[in-house]
Structures are given as C-alpha cells and as structure tokens.
Amino acid sequence: MSCWQTVQDYALRSLGIGERLLPRSDFTLCDQIVLIGSGMIWNVYFGVLALLAGFCLATLLALGKAASNPLARKSAEWFVFLFRGSPLFIQFFFGYFLFLSLKQQVPLFEPFAAASVGALVVLFLNTSAYSGEIFHGALMSVPKSDTEAAAAYGLTGWRRFRRITWPTMLRLAWPAYINEAIFLFHATTLVFLSGFPAAQQRGDGLYYAQYFADKTFNPFVPYPILAGYFILLTLCIIGLMGLVNRRLNRHLPQAAERRPRMFPQMLR
Amino acid sequence: MFDFCSDPATLDGIAWLACYLTTGKHMAFYGAFGTVLLLLAITAPTALAFGFGGAMAARSRVSPLRWLGKTYIAIVRGIPDIVFFLFFVIALDQGIEYLRHQVLCPDWDQPVRQGSDFVVCAAAKMPLGNAPQWVHESYGFALAVLTFAIVFGAFAANVLYGAMRAVPRAQVETAEAYGMSPRQTFRRITVPQMWIYALPGLGNLWMILIKATPLLFLLGVEDVVYWARDLGSAKTPRFTDYPHPDWRMWYFLALLVFYLLFTRLSELVLTRVTRRLSRGQATAGGEAMRRADLPAGPVA
C-alpha cells in the first residue's frame, strides 16, 4: 500500500472519515506519521477553542479579582483557586463523571459526556483560571501614570478601560500568556487518557501514538513522531502569538518591548 | 472493621457508610495516598539533583556537555510532559532489560526485536519472572519515580539555570578579584546565593509536581486514581455486600478536595520559606524586610 493511499485512508481518521479499521499489523512509518497527524486535529481543536473562549473569561476573572465588590472578588478568587489548585487530570475525570450523572437527569447534558464538548468545557474553565491569574497580575502592574494620563485626557469608565487599561494589561501579560497557550496545547493530550472515551477510536495524537506503542511495543518511533508534531505546533504558537506581541508593543521603542523569554521561570 | 458490620444488608444511613468506608479495598485506597506522598518525597530531591546536574551541564565550558544540558532543558517547552512519561516508562524498562540481556546472555543469537515483540532471554527479565508480587510492584514504582525525576529534572534544570545566571555579576567578579577559581566561585558564591532566585520557580515546580501525581495511574501504579475508579464504579449485589450505583463522581470529588487542600497547604509553607530566605538578601524583598526591621533593632 503506497503512502498516498495511507493518507487518503487515514488523514481524517480521527474525525471518523476514511478507513474504519486502524492498521493492525505491518505498521509502516507512513502509517504512524499520517495517523498521529490525524489525531493532532483534535489537539488543535481543543487548544484553539479553549484558548479563544478562555481569553474572554480570563479577562472577566482578572477584573473580578481586582473588583471592590466582595461578591465578585470572592467568586473569582474561588474559581481560580479551584482550577489552579487541583490537577487537570482529576478535573477531567470529575467532569466526565459529573456530566455522565447529569445526563441521566437532564437530557440537555447528553453531548457533554463526549470528549468533543465535555473535555472542551473543562479545558476552557481550566485555562481561564490560569490566564485569569496571569491577567490579574498584569492588571495590578498597569502603571498608575497611564491611567492618570487617561483621566487627564477626559477618558473615564468603560472608554478608559477599553483604550488604556486593557491594552496595557494585555501587553504586560502577553509573554506569560504565550506560555500558558503552549502549555494548554500540551494539556490537550490528557483528554483521551482520562475518563473521556475515544468513540470509534477517534482520538488525539497521543491516543494514536499510544496505540502504536502498545501494538509494536516499540516506543522509539511513535512518541518521537508525536514530539515532532508538538514542536511544530509550539513553534506555530510562538510565531502567531509573537505577532500579537509585536502589535501590542508597536507604540513602544524597541528596547522597552517585553520579549517573551525562551525559558520562562513560571510554568503552569 | 466494626462489629456491627457483620450483616451489611440490615444497616442503613451513617452506619452503612461507616462500614462501607472501612472495607479492605478502601484501606488500600487510603494507602494509595501514602503512595502519592512517598512518590513526592522521593521524586522532589531526585528531580532537584537531576536539575542541578542539567543546569551545571548547560553552563559547562565543554561544548558537547553544554549542548546536552541545553537540549535536556529544552524538552520542558516543546513537548508535553505526558509524552515523556509514557515514553520513558517503556524505554527505561526495555533499556534495562536490553543491557542485562547483553551482559547475562552473550551467546543469544536471535535479534531482540522480532516484529512486534521485544524478546530477551529469561535471565535478563526485570524483575525475574518468578519474583514475588511486591518486587514487581516496587520495580514499577521505581520506574515511575525515575521517569518523574527525569521529566521534572528538566523543569528544575530550567529554573536553576536561570537562578544561577540571576546571581548579581558583581558578586562573581568580587570572588574572582579575591583569586577564587571558577569552581570555588561556583561553590562558595553562586550556589549559596542562587536559591532565593530559584525559589519562586522551584515553588511553582513543586505545585506542578503535586498536580502531576495522578499521572502515576498512567504509569501502571495502583494509585488514588486507580482505586477511585475501581471503588466508585457501580456494584451489583452479586459481587459485593455493599451494592451501590455509579459513585465515581463522588470519589473524584474527594480527590479534588484532597489536592486542593494539599496545594493550599504547600502555598502557605512556600510563602513562609520565601520570607525566611529573603532575609539579608540583596533583593527588593530582602531590602523591604531590612527596612521594616530597622526601628525595632538596636541603632548603632
């Protein structure tokens, strides 16, 4: 079987399109590269959607943590504590079993027991908490002179937040936020290892890598392939987020720009 | 455990729960928390040692050693740690068996890899096929610890490498002016001073390590996740005296609370340690403490 045939059969296997049966014997390098690459679709899906949705909630959480209203502050603090203080792996398990039992009472929760929705919700809440903490730290270090200058120009309330505070907060938070994005994509590999089942063997990159490692009992091929995919993915994230970083810093002299550090001290 | 537990069918409410929560399997579940703590207690110093070695290698003046150190550090960022966990557990196992195979069975003529099988001679099996159960379990646990140490050693190397570079240049220059060799400077000046710079990163790393312990389950150790899944799943009266529906949600809620308490406690301790280590340091934190202490102390 030629490699092109393999691509046609398995390139979209993780979405349920193409050959139904996974390869069972005589695994070629092509099989492994194509199928693991197919699984990466899920990693990108979870990562991108959770990141986009999480960004919005994280901004709200940062504001909540900084709010003077005790109700808003306490609830934001507890949310962040809950999701940053416990392992994502346990959160996935708990989320899955929670959705399973909710499903029995409320039919509305039917789709949540599947990884595509349920795991996305857990990842979304998790990354919101981590990013919220990063944004809150940045919000606290927005220079006082910036807001004072804005006030002097007659900017108040929502307009001041929208045009001064928020962009500055993002600019300060961005290097740390890039890390969070990278680790969020790494965290997507946990989805199918926890409670969430891979229906009809539609799994993510790690799911297929593990499949091959189990079948061939040789970890030295599938895991490096997966690692290669993730290095590419990480480089893409750094590139894209770096563009945003440039845009956020475009009004500053080059020297004042906060460059993302290659090896950060703080990880998630 | 309790006398009144002899016939569970007659019990209800709290009494039933008290009996249920003290079954043999639950005792194994509680013991698994000990496994988690033991893993942390062994892994943290081992990973720190790996990290120290990695950071020293990355600073080395010998190029191959430096490349090795930097590559080791770089795995932190590019690749999900879980991939390394799954990889190293098999790779280490096979590596050890392969080395033993080379030493113990030199006259073996078949290849080690035959298609989908990894075949070594019986004497090279690790642990030996006839070893008692506890040896198998300890070996699995040791592999897990080593895997954790390698992966978290890379994280720690990253933190320590940054901390060593954060020690003010003037301190090192002064040491050189006093005629210390690079080795003496490293031992007497850099290492004692780097900890305060490393502490935020190491504290964060400890939190990550705590939160990574449920992954033991994936490495084949019977840990808290294993037992929570096992105990929580629905039980029918045929197989147990304590039938119940699917309770896994509640078991994982308990684990969630356990980890929340554990990380909270760690956070409190770390805050105190940071305060302690900041004393007398030439950092903003240390300076703030010095100023705060001034009026109280004797004025010269």
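Helix axes in this tour are lines fitted to C-alpha atoms over the stretch in contact, and the angles between them run from 0 to 180 degrees between N-to-C directions. Helices (H or I, at least four residues) and strands (E, at least two) are DSSP runs, numbered from the N terminus.

The model is predicted, with local features needing pLDDT of at least 70 and side-chain atom pairs counting only at pLDDT 80 or more, while totals for chains, interfaces and linings use all residues. Residues are numbered from 1 along each chain as its sequence is written, and chains are lettered from A and ligands numbered from 1 in the order in which they are written.

**First stop: chain B, helices α6 and α7**

Select residues 169-177 of chain B, which form α6(B), together with α7(B), and you will find that their axes come within 10 Å and cross at roughly 160°. That angle makes α6(B) roughly antiparallel to α7(B), a label given to angles over 145 degrees. The contact (C-beta atoms, placed from the backbone, within 7 Å) is made by Gln171(B), Val172(B), Ala175(B) and Glu176(B) of α6(B), and by Thr185(B), Arg188(B), Ile189(B), Thr190(B) and Gln193(B) of α7(B). These residues divide into 3 nonpolar, 4 polar and 2 charged, where Ala, Val, Leu, Ile, Met, Phe, Trp, Tyr, Cys and Pro count as nonpolar, Asp, Glu, Lys and Arg as charged, and the others, Gly among them, as polar.

**Second stop: chain A, helices α6 and α7**

Move to residues 144-152 of chain A, helix α6(A), and to residues 157-187, helix α7(A), whose axes come within 10 Å and cross at roughly 165°. The two helices are therefore roughly antiparallel to each other.

**Last stop: where the chains meet**

Display both chains, and you will find 39 residues of chain B in contact with 35 residues of chain A. On the chain B side, α9(B) gives the largest share, 10 residues, and the residues of that side divide into 25 nonpolar, 7 polar and 7 charged.

Key
Contact = placed C-beta atoms within 7 Å. Parallel < 35°, antiparallel > 145°, perpendicular 65-115°, else oblique.
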